[in-house]
Amino acid sequence: MFSSCFDSYRLMWPLVRLLDPETAHGLAVRALEMGLMPCAASQVDPVLRVHLWGLDFPNPVGLAAGFDKDARVYAQMLAQGFGFVEVGSITPQSQPGNDKPRLFRLEADGAVINRMGFNSEGHKASMMRLQSRHRSRGIVGVNLGKNKLTEDAAADYEIGARNFAALADYVVINVSSPNTPGLRALQGPEVLRELLRRTQAALSDGCSGKNRPPLLLKIAPDLTDADKADIAHVALESKIDGLIVTNTTIERPASLTSAHKGETGGLSGRPLFAPSTRVLGEMYRATGGKLPLIGVGGIEDGRGAYEKILAGASLVQLYSAMVYQGPGVARRVNRELAEILKADGFACVSDAVGKGVKA
Ligand SMILES: Cc1cc2nc3c(=O)[nH]c(=O)nc-3n(C[C@H](O)[C@H](O)[C@H](O)COP(=O)(O)O)c2cc1C
């Protein structure tokens, strides 16, 4: 079944690439909503199962935030073979995001640049959709953003934690998108400590202390060594449950060849793989392997997922590879990852976590 999903997207690609990328994304979401991208369920390979935060992930390959911003198609994406889906970033109030065009394909580089700027329908719309979900059908995380004009950023994350505490399997504080002015400054130690404290309290509040979902922080790849050491220290001290490493980069590697390489925004996909995997390994070492990490940035095959796991990721995510390979990429990555794990003698994903990081 994997090959038919994959092949049908390959057949459609010449048409897809003629469309402006945001139009193509909108059509894909509509097609998924209408059930036009069916995919038969595949067998779960036991080697891929991950048990983390009291949750059973059928496989470690998740859909990263940004594709399903308003929680419209998480069920369909789970059915495409993703082990979990992260919806968002969701802002408290609806907001349009930046002016279009704001999404660019760098096809020759296997990359994407976006400056979406948190286009979001707001909390209420996503809450309504998540209220009707069958939790037994798959794991859904909620990624929280802030409205552009909110001055007390922590207040927006507090509202998000309260609103989604009983609806999400895990909650993410996203302070790493490059397209909202001032957002990444929230990664500084004092402001971060206070932000985490307030969000944790709101999360407990939102579920009356019962079954509080894990709280994760998503970080940027463009951090100094001092920033990374501070974040590791604050994350451990605050007892959050994990880090997502990393968001898109504002760097532009000299290797880029595509016409859109100079566009403002965050770069993702293949050129992000090496830098984000480096930061992942650094965060694994800095946290002594004590904090679960989700590795994201440039994964496009099973080998890429495996390298993230060796660098310290308990779970991985991808987005940009789906732009070029279609949703069948989830099954491809999983199939290849299972083969590599077995060939290297690992009985399960967790046995391989961090095995490539020198102490
Ligand atoms: C079009 C687009 C929109 C994104 N929107 C968000 C977002 O709203 N929140 C977020 O935390 N990350 C967002 N991301 C970042 C991804 O979740 C991911 O961290 C990044 O793209 C690196 O993974 P990739 O190389 O597999 O795409 C977005 C990425 C893209 C390409």
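Good morning. In this chain, residues 24 or more positions apart account for 75% of the contacts with a separation of 6 or more. Please keep in mind that this is a predicted model.

Let me continue with the chain as a whole. Its secondary structure comes to 12 helices and 13 strands. Along the principal axes, the C-alpha trace spans about 50 × 50 × 45 Å. Does the chain have the radius of gyration of a compact globule, or what value does it have instead? A compact globule of 359 residues would have a radius of gyration near 21 Å, and the chain has 19 Å, which agrees. Of the 359 residues, 51% are buried.

I turn now to strand E12, residues 293–296. Which residues of E12 lie on each side, and are they buried or exposed? Leu293 and Gly295 are on one side, Ile294 and Val296 are on the other, and all are buried, with both faces of the strand covered.

Strand E10, residues 242–245, runs parallel to E12 and is joined to it by three bridges. Within this pairing, Leu243 has Leu293 of E12 as its bridge partner. Strand E13, residues 313–318, likewise runs parallel to E12, and four bridges join the two. How does the chain pass from E12 to E13, and what is the handedness of the crossover? The chain goes through helix H9, residues 302–310, and this β-α-β crossover is right-handed.

My last topic is an open sheet of three strands, in the order E5-E6-E11, with antiparallel pairing. Why is one side of E5 and of E11 left without a neighbour in the sheet? Strand E5 (103–106) and strand E11 (266–269) stand at the edges and have a single partner strand each, so one side of each has no neighbour there. On average, neighbouring strands of this sheet are turned by 25° against each other, direction ignored.

Looking at one pairing in detail, E5 and strand E6, residues 111–114, run antiparallel and are joined by four bridges. Arg105 stands opposite Val112 in E6. Finally, helix H8, residues 270–286, packs on the sheet and touches E6 and E11. The direction of H8 makes about 95° with that of E11.

Thank you for your attention.

Conventions. Residues numbered from 1 in each chain as written. Predicted model: local features only at pLDDT ≥ 70, side-chain atom pairs only at ≥ 80, totals over all residues. Pairing = 2+ DSSP bridges. Axes fitted to C-alpha atoms, helices over the stretch in contact; angles between N-to-C directions. Contact = placed C-beta atoms within 7 Å. Rg over C-alpha atoms; globule rule 2.2 N^0.38 Å. Buried ≥ 20, exposed ≤ 12 C-beta atoms within 10 Å, placed from the backbone. Right-handed = clockwise from strand over helix to strand, strands pointing away.
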